[in-house]
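Me: I have a structure to read and I would like to know what lies behind the words used for it. Please show it and then take my questions.

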Amino acid sequence: MIVRRKDRVIVLGITGKQGTFWTEKMIAYGTNVVAGINPKRAGETHVGVPIFATTAEAVTAAGGDVGVMFIPPPMAKDAAVSAAEAGIKTLVVLTEHIPAQDVMAMHAAAARHGTRIVGPNTAGLVTPGECFVGIMPAFVPSVFKPGRIGVISRSGSLGTLVCLNLTRAGIGQSAFIGIGGDPMLGTTTRDALEALDKDAGTDAIVIVGEIGGGMEENAAEYAKKMNKPMVAFIAGAAAPPGKKMGHAGAIVTGNAGSYASKRQALEAAGVVVVDTPSQIAPAVATGLQAGRGGTKAAVSQ
Amino acid sequence: MNFEEHAAKSLVLNAAGIPVPRGILCISDAEVAMAAAKIGPCVVKAQVPVGKRGKAGGIKLAASPDEAKKVARQILGMRIGDYLVERVLVEEQAKIEQEFYAAVLHDVTARKPLLLFSTEGGMDIEEIAAEKPAAIRRLLVDIDVHPSPAAIADMLKGLNLGGAEAQVALILGQLYAAFRTHDAELLEINPLALLADGRVVALDCKFVLDDAAIYRQAEIAKGGAAGAMTALEKRGAEAGLKLIQLDGNVGVLANGAGLTMTTMDVIRHFGGRPANFLEIGGEAYTKSEIALDLVLSNPGVKSLVINFCGAFARTDVMADGVVKAWAKLKPKVPVFFSIHGTGEEEAVRLVRSELGIEPYDFMEDAIQAAVKAAQ
């Protein structure tokens, strides 16, 4: 789930307003966009990219490793299922508000065909200095800078802020993995953590979590076995229980998904959990200097 | 979207062929008396989309129309949770032999529908799970295939349901079909009762419709319960914005759910109290003009944080909306900005030149200043 310049990217819904805007940004940044999909405009070229009627045809003609969907909710399921059937290995689903039972059908199709879904409701993937897939401001130099810190975030806006703070502190990023704000995600915090743990270009990891669900707790189980320094910020400490905080996934019911439970699980696994976003960069810097055990001691002082 | 019991029963269970007690929806004590005269010994049930109605005194038995009228007077007009009771369901009394629990919901970890059944009905599923976890039978369902009769039979194996087993199996299949047909987030029957006469009947029903599916469930959504919203929250909803009014005094205008929650957290971190949650992320980032109006209309607001970090949302577009709203609203409370990301240069220029305000470099500093100003 770390995108590379060699990855051939297919844009589903390339001709729409957002599809057009972001495809141009992706290409300008260095993303290898090989095809776009729009059944009504097959054979044409849009922003310099050849258009095909179906993802299957695009894969046959141009190849395709990564698909990215600029598709409205009512059509998202069919688009995702056909992309999985066409053999797309990584499918980035930006769409928010897809009916949950459609999301389940998308995940079922992905499982059948060996497709990794990132999202739904993700802002995408960024490999600073190399390429990006999605709707992140990869091209804004004050936000992203190449480096060796991996960032995992459910939220695009908060993920942007965290990368901005890292960059301002002179700390570059190896990869940004937006996993999405929906309750049922194809790529979990734990999946992303595992990928960054195994990535030779990543020295430390920042987890930007949110209340709701059990993903941070589950990631903490994996974090116990890790040696790379980790810093986490969990949004939603001040959120009232029983209310969805914008993201469908961000809701606390009973004790499940609470801030306290996430913080406790991560801290027990040796992850440094900070109170505000601006504390992330200093904690990462300390962690890189001291190694993992030292991060915790340095921050709690 | 939540539904009251009567709506869940008539719109979902009846349509699915699942038996429910005879019942009449009433809005006055006079109607209740008439309904009780038709039905006989009855139970009068407050219709509000929250649990624990019985414990709150919202469900009462009545042997005669006079008694039904008397209890209806107690129940109508009472408050349960955030809701005022405006309707009651008058249902025939049931002679209960045994209470079961049945539900279909989303298993978000497995990313599949989960069919649940338990012979320990009547109490909350959380209570059953805590006290008798072994009493809950689970079946994860492949979303593309209806659960097979064999899988349902296997789920019920060893529960000694006797003559009720065939009825329960049929109802579980019908319940799953209704869950799929109506885009349910949760469809729960508790209790599902075995009556003295041998029938299995749904005595209560909870139905939550997936908000994201309302566009294709328009007909059934008309029967949904109005949320317990404040006037300001209603105005937000009408503008297509998700606003949650809180009891604090620092107003929040930020883009994206994650950044908005974080802004609230940092307000709390510095000892302040957020006045609202309001999301203008995603496509809604173009609505900052109405958003500013909403946040400032909250009478509790003593200061305001505007925290933009543009990814998909362009900060220049959001700042432009704020500037336009500013000219009309002329905010009387101090406003503190932090602006970064997509469109940052133009956004900062607008705020400086049009409003004469210098944005803070770090959101923490803007928030700290806003918390101080509100005190």
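Reply: What follows is a set of questions and answers on how the terms apply to this structure. This is a predicted model, in which local features need pLDDT of at least 70 and side-chain atom pairs count only at pLDDT 80 or more, while totals for chains, interfaces and linings use all residues. Residues are numbered from 1 along each chain as its sequence is written, with chains lettered from A and ligands numbered from 1 in the order in which they are written.

Me: What makes chain A as compact as a globular protein of its length?

Reply: Chain A has 10 helices and 14 strands; helices (H or I, at least four residues) and strands (E, at least two) are DSSP runs, numbered from the N terminus. The radius of gyration is taken over C-alpha atoms, and the globule rule is 2.2 Å times the number of residues to the power 0.38. For 301 residues the rule gives 19 Å, and the radius of gyration of chain A is 19 Å, so chain A is as compact as a globular protein of that length. Its C-alpha atoms fill a box of roughly 65 × 40 × 30 Å along the principal axes.

Me: How much of chain A is buried, and what does the word require?

Reply: A residue is buried if 20 or more other C-beta atoms lie within 10 Å of its own, exposed if 12 or fewer, and partly exposed in between, with C-beta atoms placed from the backbone. By that count, buried residues make up 59% of the 301 residues in chain A.

Me: Why is helix 4 of chain A called largely enclosed?

Reply: Of its 14 residues, 10 are buried, so helix 4 of chain A is largely enclosed by the rest of the structure. Among them are A:Val103, A:Met104, A:Met106 and A:His107.

Me: What does helix 3 of chain A pack against?

Reply: Its buried residues pack against strand 1 (9–12), helix 2 (55–62), strand 5 (66–69), strand 6 (90–93) and helix 4 of chain A. Those buried residues include A:Ala76, A:Lys77 and A:Val81. Helix 3 (residues 73–85) of chain A reaches 19 Å from its first C-alpha to its last, close to the 18 Å expected for 13 residues.

Me: Which domains does chain A have, and how many residues does each give to their contact?

Reply: Domain bounds come from an automatic or database domain assignment, and for chain A this gives domain 1 (9–118) and domain 2 (140–300). Their centres, taken over C-alpha atoms, are separated by 28 Å. The contact takes 8 residues from domain 1 of chain A and 5 residues from domain 2 of chain A; two residues are in contact if their C-beta atoms, placed from the backbone, lie within 7 Å. Helix 4 of chain A gives the most to the domain 1 side, with 5 residues.

Me: How many residues of chain B are in contact with chain A?

Reply: On the chain B side there are 49, in contact with 48 residues of chain A. Helix 9 of chain B gives the most to the chain B side, with 12 residues. By class, this side has 21 nonpolar, 14 polar and 14 charged residues. Ala, Val, Leu, Ile, Met, Phe, Trp, Tyr, Cys and Pro count as nonpolar, Asp, Glu, Lys and Arg as charged, and the others, Gly among them, as polar.

Me: What makes strand 13 and strand 15 of chain B a pair?

Reply: Two strands pair if DSSP finds at least two bridges between them. Here 4 bridges join strand 13 of chain B to strand 15 of chain B, which run antiparallel. The bridge partner of B:Leu243 in strand 15 of chain B is B:Leu278. B:Asn276 and B:Leu278 point one way from strand 15 of chain B, B:Phe277 and B:Glu279 the other way, and all are buried.

Me: Why does B:Gln217 count as partly exposed?

Reply: B:Gln217 has 18 C-beta neighbours inside 10 Å, so this residue counts as partly exposed. B:Gln217 lies in the loop between strand 12 (205–209) and helix 7 (218–221) of chain B. Leaving out residues up to four places away in sequence, B:Gln217 touches B:His182, B:Asp183 and B:Leu209.

Note on methods
The expected span of a helix is 1.5 Å times one less than its number of residues.
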